[in-house]
Amino acid sequence: MAILDVQHIEKNFGMTKVLQDINFSLEEGQVLAIIGSSGSGKTTLLRCLNFLETPDRGRISVSGETLFDAEDPSTQRESEIRRKRLHFGLVFQNFNLFPQYTALENVTLARELMIKRGEKPGDSLKSIRREGKVLLAQMGLQDRMYNYPHQLSGGQQQRVAIARALAMKPDILCFDEPTSALDPELTGEVLKVIRGLADQHTTMIIVTHEMSFARDVADQVLFMDGGLVVEEGRPEEVFGNPQQARTKQFLEKYKG
């Protein structure tokens with residue numbers, strides 16, 4: 001059974017159709033890479049999955065539970081949406097760390113606030129901080145836990161952001177062009193971390209312009225253009241033998 005099932009998602013901004021009848025599923029432990037030109041709807045799709053945008057049509061299910069149904073208002077209550085966001089972790093392209101907090105505080109803050117609101121009665125501040133330290137160590141940042149964001153490189157900041165997303169123990173980890181704000185040297189260190197997560201069978205959705213990385217790490221690939229899924233399949237199919245003219249055009253342009 002698919003851990004994620006997306007059916008007929010549509011999103012409009014005014015008269016502009018940003019997402020049109022998006023359908024796909026993802027198995028637990030798989031990596032989905034979403035590729036396409038800027039403006040093709042990739043980021044909006046991620047924002048819909050993380051309930052930062054509300055689709056105009058469609059349904060989103062995780063592990064058999066319907067999290068969103070455009071025709072069912074009960075799935076759209078703000079209190080329910082906040083709970084359902086916990087199924088997903090989102091790593092932004094520009095890090096979005098809080099500058100006034102250390103790396104460790106950035107990682108643990110959300111779970112600490114949940115304890116204070118009484119939403120995680122089984123957790124303790126001590127256990128949360130211990131787990132935060134373990135995550136930062138896994139990111140290679142054991143000696144940067146008490147540094148503030150301005151004291152970290154871009155690659156280090158992005159690794160803190162990944163640890164922060166993992167700290168919430170999401171079912172699905174989402175990346176929105178995680179290396180676009182980094183120079184080539186720092187890009188490699190972040191991709192290495194993501195590759196390691198894939199080796200651990202972390203379920204992930206990655207919006208990326210790194211074609212070779214997508215080909216190597218993904219189990220399936222979606223190519224989007226103009227708000228549509230133009231082509232989907234295994235990496236060797238989409239990259240090695242694309243069936244749609246638009247996919248071929250995009251990949252040739254990217255190689256060029």
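Me: Is strand 7 (residues 172-176) mostly buried or exposed, and why is it enclosed?
Reply: Five of the five residues of strand 7 are buried, so the strand is largely enclosed by the rest of the structure. Buried here means under 20% relative accessible area, exposed over 50% and partly exposed in between, with a 1.4 Å probe and protein chains only, while strands (E, at least two residues) and helices (H or I, at least four) are DSSP runs numbered from the N terminus. This is a predicted model, in which local features need pLDDT of at least 70 and side-chain atom pairs count only at pLDDT 80 or more, whereas totals for chains, interfaces and linings use all residues. Residues are numbered from 1 along each chain as its sequence is written, and side-chain values use heavy atoms, with hydrogens and water left out.

Me: What does strand 7 pair with?
Reply: Strand 6 (residues 88-91) runs parallel to strand 7 and is joined to it by four bridges, with Phe88 partnered by Ile172. Strand 8 (residues 204-207) is also parallel to strand 7 and joined by four bridges, and there Phe175 has Ile206 as its bridge partner. Two strands count as paired if DSSP finds at least two bridges between them.

Me: New topic: what is the strand order in the open sheet?
Reply: Four strands form it in the order 2-1-4-5, with antiparallel pairing. Strand 2 (16-26) and strand 5 (65-69) stand at the edges with a single partner strand each, so one side of each has no neighbour in the sheet.

Me: How many bridges join strand 1 and strand 2?
Reply: Strand 1 (residues 4-13) and strand 2 pair over seven bridges in the antiparallel sense, and Leu4 has Leu26 of strand 2 as its bridge partner.

Me: How many disulfides does the structure hold?
Reply: The structure holds zero disulfides, a disulfide being a pair of cysteine sulfur atoms within 2.5 Å.
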